[in-house]
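Please work through each task before reading its solution.

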Amino acid sequence: MWTSAHAKRLVFLVHRWTGVAACVLMALWVFSGVVMLFVGYPKLLPTEHLQALPSLSTNQTYLSVEAVLKQSQSAAKVQQIMLTTIAGRPSYRLQEADGTLRVIDASKGAAAPAPDDVTALRSAQAFLAGAHGVVQGRTQDDRWTHSALLNPHRPLIKVLMDDSASTLLYISSTTGEVVMDVPRNQRYWNYVGAWLHWVYMFREGPKDPVWSWLVIGLSALGTVSAVAGAFVGIWRWRFNGRYKSGAKTPYREFQMRWHHITGLVFGVMMIFWIFSGLMSMNPLGIFSPQGARPDLRAYQHAGIGNNPSRLTTKEALTLLSAEGVDTREVEWKVMDGHPYLLAFNGVGETRILPANLAIPQVDREFERSKLEQAAKKLLPFAIHSTTLLSEYDAYYYRRGEASMYSAAARDLPVLRMQFEDPGNTVVYINPASGDVVLSLDRTQRTGRWLFNFLHSWDLPWMLRHSWPRDAILVLLSIGAFFLALTGIVLGYRRLKLFICHKRRCLS
């Protein structure tokens, strides 16, 4: 008959033998997690991209957007039009519905040829003024370029620069733009940071189901081992009274004693970290959005390619310059059937320029009523509430530069709208751009708590006080690392005794 004694014995055995491998994983994950607090996985931040661009000159001759679209055989499929500078030349970058990117010379109207090494070097040297580079070849994917955002740009051209940071740049083979910069120090620290933490030595390509399930399996193993260890630690601790030694713990040997004590103190935090790491992989899609998702095409109500602008490019730049805007990029957009231009300066600030008014004027943001009217088309459900947030909330917040979310625009104020759909979807719209910057249904919000919060402590008030948060996380990590380290010693001893016993039995 199965008894509680048998159950306890099983828990002891599970912790003992899973801990042999799990403690090594936990030590590596905790150590690399601390590194990731301060050095993130490589990414090109929007401000880095914009700061490296020259101002768009009002003295330049620009082909009209309409003329550019006429050259396209699929103007109706164009989803994005951006005026930018690529390899020192003003260029229109077009993106179609399937993600295909095309570049057209903004002054001549000719389609840009596929970037070669000369173009890549020119683009790299424009990105890092005063530095020279050497082309290192092309890569479909390597240890720093797993991000799916880079898929339209693959293969990537690698250029190593001779600047003081020995920066490795990745250039798009589609557009010729710099899409990733990785300074030497970031490369080195990432070997013991994100690359180690995410077990990227086993990952092949931007999408690797084998790697995904490997991480899920290792995380599940660690969670089971840590939970079993928590039960063992509680059972073995004398909450009332003491053992014959006078201690609360029965263990007298140094490693066992401190493994028990640190497990009781830091074990819960260890469980949260490993379990939330498992949740970050969204196993079996349990946090994938359910039901209808916000329809961004309906929000636009018209395609960019089918909505002509009264403003010429030069007129738009002249109006922006008159308002003191140092324009680096301009994007043609549509909201609720009304075309407008969104201009970016060198620090990521935006200005809005309506494109179908007889007398256009530069605005800082959209009127709330216009955003609310357009938002009604996002979902075929009533809007339960609308709030203009001037402070971050539990779902919309800004992360530090080292975070993998740091490239996401999280500006304030933001319009928060909750719909009455089955998933109670919450949508955030940026008045300074008109963009839907975030949407979460109930399952996604659950995932936010089980992954982001448990893993990163990313409530807005915690993020506002970054150094106390970081200091506490580091101290907890030191304790968790010591817990794992003592476990490694005990696991090594147990494994060594087991092997020796097997050898004696075979001899």
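**Exercise 1.** Determine how helices α7 and α8 are oriented relative to each other.

*Solution.* Step 1: locate the helices, which are DSSP runs (H or I, at least four residues; strands are E, at least two) numbered from the N terminus. Helix α7 comprises residues 209–236, and α8 comprises residues 254–280. The model is predicted, so local features need pLDDT of at least 70, side-chain atom pairs count only at pLDDT 80 or more, and totals for chains, interfaces and linings use all residues. Residues are numbered from 1 along each chain as its sequence is written, and side-chain values use heavy atoms, with hydrogens and water left out.

Step 1: consider the axes, which are lines fitted to C-alpha atoms, for helices over the stretch in contact, with angles from 0 to 180 degrees between N-to-C directions. The axes of α7 and α8 come within 9 Å and cross at roughly 155 degrees.

Step 2: classify the angle. Angles under 35 degrees count as roughly parallel, over 145 as roughly antiparallel, 65 to 115 as roughly perpendicular and the rest as oblique. Therefore α7 and α8 are roughly antiparallel to each other.

**Exercise 2.** Is H260 buried or exposed, and which residues does H260 touch?

*Solution.* Step 1: H260 is found in helix α8. Its relative accessibility is 5%, so H260 counts as buried (buried means under 20% relative accessible area, exposed over 50%, partly exposed in between, with a 1.4 Å probe and protein chains only).

Step 1: list the contacts (heavy atoms within 4.5 Å). Leaving aside residues up to four places away in sequence, H260 touches G233, R236, W237, T249, P250 and Y251.

Step 2: examine G233. Its backbone oxygen lies 2.8 Å from a polar atom of the H260 side chain. Among the residues of α7 that meet α8 are G233 and R236.

**Exercise 3.** In what order do the four strands of the open sheet lie?

*Solution.* Step 1: the order is β11-β12-β13-β14, with antiparallel pairing (two strands pair if DSSP finds at least two bridges between them). Step 2: the edge strands, each pairing on one side only, are β11 (383–389) and β14 (436–440).

Step 1: β11 is joined to β12 (residues 414–419) by six bridges. One of the bridge partners in β12 is R416, paired with T387.

Notes. A polar contact is a pair of N or O atoms within 3.5 Å; within protein, one must be able to donate a hydrogen and the other to accept it, and residues adjacent in sequence count only if both atoms are side-chain atoms.
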